[in-house]
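Dear colleague,

I am passing on the structure we spoke about, and below it you will find my notes on what came out of it. Please read them with the structure open beside you.

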Amino acid sequence: MNRNLYQPINGEIVDIIDESPTIKSFVIVPQGGFSFATGQFVQLTLPGEGEAPFTPSSSPAKPEKMEITIMKAGRVTAMLHSCQKGQKVGIRGPFGMGYPIEDFLGKHVYIVGGGVGLAPIRSLFLTLVDRLEDFKSVVCRFGAKTPADYIYKDTLFGHWRDIKGVDIKLTVDKADDQWKENVGVVTTILSKDDVDINNSVAVVCGPPIMMKFATLKLLESGFRDEQIYLSMEKNMSCGVGKCGHCMLGQYYVCKDGPVFTYDKIKKYPNIWA
Ligand SMILES: Cc1cc2nc3c(=O)[nH]c(=O)nc-3n(C[C@H](O)[C@H](O)[C@H](O)COP(=O)(O)OP(=O)(O)OC[C@H]3O[C@@H](n4cnc5c(N)ncnc54)[C@H](O)[C@@H]3O)c2cc1C
Ligand code: FES
């Protein structure tokens with residue numbers, strides 16, 4: 001690809017979906033389309049306000065319409081949450097390495113996620129189910145604080161569960177009267193009997209505390225360090241390995257990640273911070 005990665009391309013927000021009290025999905029039409037691989041991230045610019053990194057939550061098979069799911073965290077994300085349809089945005093990237101799908105071929109893909117971490121996972125899920133015959137199975141174990149905090153409710157509680165070869169279990173920390181599934185943190189729905197661990201990879205994405213305890217549980221269940229793929233978030237600026245804002249030990253998260261196997265990064269302090 002010859003695109004100048006510092007030069008945003010123009011896009012327009014054509015739809016906005018309220019996912020949860022703090023999270024919205026933005027459907028963006030990038031001028032001329034925007035190709036990316038699942039798990040790569042973009043820098044989204046709100047003209048005159050600033051930019052922030054996000055991982056598209058849509059399928060890379062649909063470059064003409066990209067979705068980005070955004071949790072309100074601070075200044076730029078709050079400004080994005082106050083945008084209306086028709087808002088012009090800039091998109092830089094795509095950056096980083098994303099998920100190495102070829103390494104997942106013929107295996108069970110065991111996906112553990114929570115909160116806005118389901119955004120990259122949704123893109124990965126859509127990529128996997130497009131060619132489900134290439135994998136043993138896709139097993140999802142997701143958590144949220146409460147039922148209202150779940151994003152992608154229509155699909156998670158709907159047709160994703162009917163796909164043959166897909167197995168989804170959900171949990172919440174705190175249930176309401178209607179909740180019929182598990183109550184407890186996400187590690188309470190991880191079982192070593194879910195998949196043939198020797199023929200599996202695990203993908204973990206969510207808040208740092210969840211990633212830490214999910215990784216420990218996966219290791220305890222028999223997953224090896226190199227079978228566990230983690231999506232790391234660090235403060236970022238350039239996105240292309242120049243400014244050093246995102247360093248994790250010897251790695252630039254923006255360029256060498258954001259997806260790393262646990263064996264590569266486990267020796268560094270504060271990886272869960
Ligand atoms: C590769 C990557 C992919 C991401 N994908 C998504 C996504 O799909 N959806 C989503 O909602 N968020 C995602 N994030 C996090 C998102 O970039 C931050 O929430 C955003 O930059 C906050 O900007 P702000 O101006 O609103 O907040 P600020 O005012 O800058 O900060 C608010 C709080 O968020 C923290 N923060 C700021 N930047 C980051 C950051 N990059 N990572 C972690 N914490 C940060 C600050 O330390 C502070 O505590 C991703 C981050 C990275 C690095
Ligand atoms: S964000 Fe600049 S080096 Fe990674």
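In what follows, a residue counts as being around the ligand if one of its heavy atoms lies within 4 Å of the ligand. Please keep in mind throughout that this is a predicted model.

By that criterion there are 19 residues around ligand 1, and those that come nearest are Pro53, Thr69, Met71, Val76 and Thr77.

As for polar contacts, one oxygen atom of ligand 1 lies 2.7 Å from a polar backbone atom of Met71, and an oxygen atom of the ligand is 2.9 Å from a polar backbone atom of Val76. Ligand 1 taken alone exposes 850 Å², of which the protein buries 71%.

Turning to the protein as a whole, it has seven helices and 15 strands. Its radius of gyration is 18 Å, which agrees with the value near 19 Å that a compact globule of 273 residues would have. Buried residues account for 52% of the 273, while the protein exposes about 12600 Å², with carbon and sulfur atoms supplying 50% of that area. Of the contacts between residues at least 6 apart in sequence, 69% join residues at least 24 apart.

Methods
Residues are numbered from 1 along each chain as its sequence is written. Chains are lettered from A and ligands numbered from 1 in the order in which they are written. This is a predicted model: local features need pLDDT of at least 70, side-chain atom pairs count only at pLDDT 80 or more; totals for chains, interfaces and linings use all residues. Side-chain values use heavy atoms; hydrogens and water are left out. A polar contact is a pair of N or O atoms within 3.5 Å; within protein, one must be able to donate a hydrogen and the other to accept it, and residues adjacent in sequence count only if both atoms are side-chain atoms. Accessible areas come from the Shrake-Rupley method with a 1.4 Å probe; for residues, only the protein chains shown count as cover. Helices (H or I, at least four residues) and strands (E, at least two) are DSSP runs, numbered from the N terminus. The radius of gyration is taken over C-alpha atoms; the globule rule is 2.2 Å times the number of residues to the power 0.38. Buried means under 20% relative accessible area, exposed over 50%, partly exposed in between (1.4 Å probe, protein chains only). Contact means heavy atoms within 4.5 Å.
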